[in-house]
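Q: Could you take a close look at one strand of this model and walk me through how it sits among its neighbours?

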Amino acid sequence: MLLPHNSSNSGSFLTSDAACVEFSSSRSPRFLRTFQRHQLEKYPKVVRLPEGSSGEYMVLKCPKLPGIELKIFWKILVSEEGVVTPVLDLLTKIPTEALYFDTEKIMDSAPNSFRCLLRLHGIEAAIECLIELCIEP
């Protein structure tokens, strides 16, 4: 399920690579903490913040598929010129016994698919998409 970006949605924040580059360095950490808390409150059965709201990653657990986790890691890069670029990556965790059922290698391709979602739909929509997948596998 892909979530299209809705430009009329005032809640949308980062919607393109250009928006990421224009992202203010003073706002980056604050935005991420606020976004994390929002996701945790909205999806308490799925979203975990092991390091709290100041951590560098969030864990998405699939309630209907125990043992499967998606970890979204991020860091903020600031160039000497002051250009700020958020970098996000996805790591997957799946029980060894479940790998047998992943005949299409979906878990192996998940990090690349997540990067495509980020480029196409922005940070918020990409993370929302992963959360929705965890809710309804």
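A: Happy to. Buried means under 20% relative accessible area, exposed over 50% and partly exposed in between, with a 1.4 Å probe and protein chains only. Helices (H or I, at least four residues) and strands (E, at least two) are DSSP runs, numbered from the N terminus. Four of the five residues of S2 are buried, so S2 is largely enclosed by the rest of the structure. This is a predicted model, in which local features need pLDDT of at least 70, side-chain atom pairs count only at pLDDT 80 or more, and totals for chains, interfaces and linings use all residues. Residues are numbered from 1 along each chain as its sequence is written, and side-chain values use heavy atoms, without hydrogens and water.

Now the sheet: two strands pair if DSSP finds at least two bridges between them. The open sheet has four strands in the order S1-S2-S3-S4, with antiparallel pairing. S1 is joined to S2 by two bridges: valine 47 has leucine 60 as its partner, and arginine 48 stands opposite valine 59. Towards S3, S2 pairs over five bridges, and lysine 61 partners glutamate 69 there.
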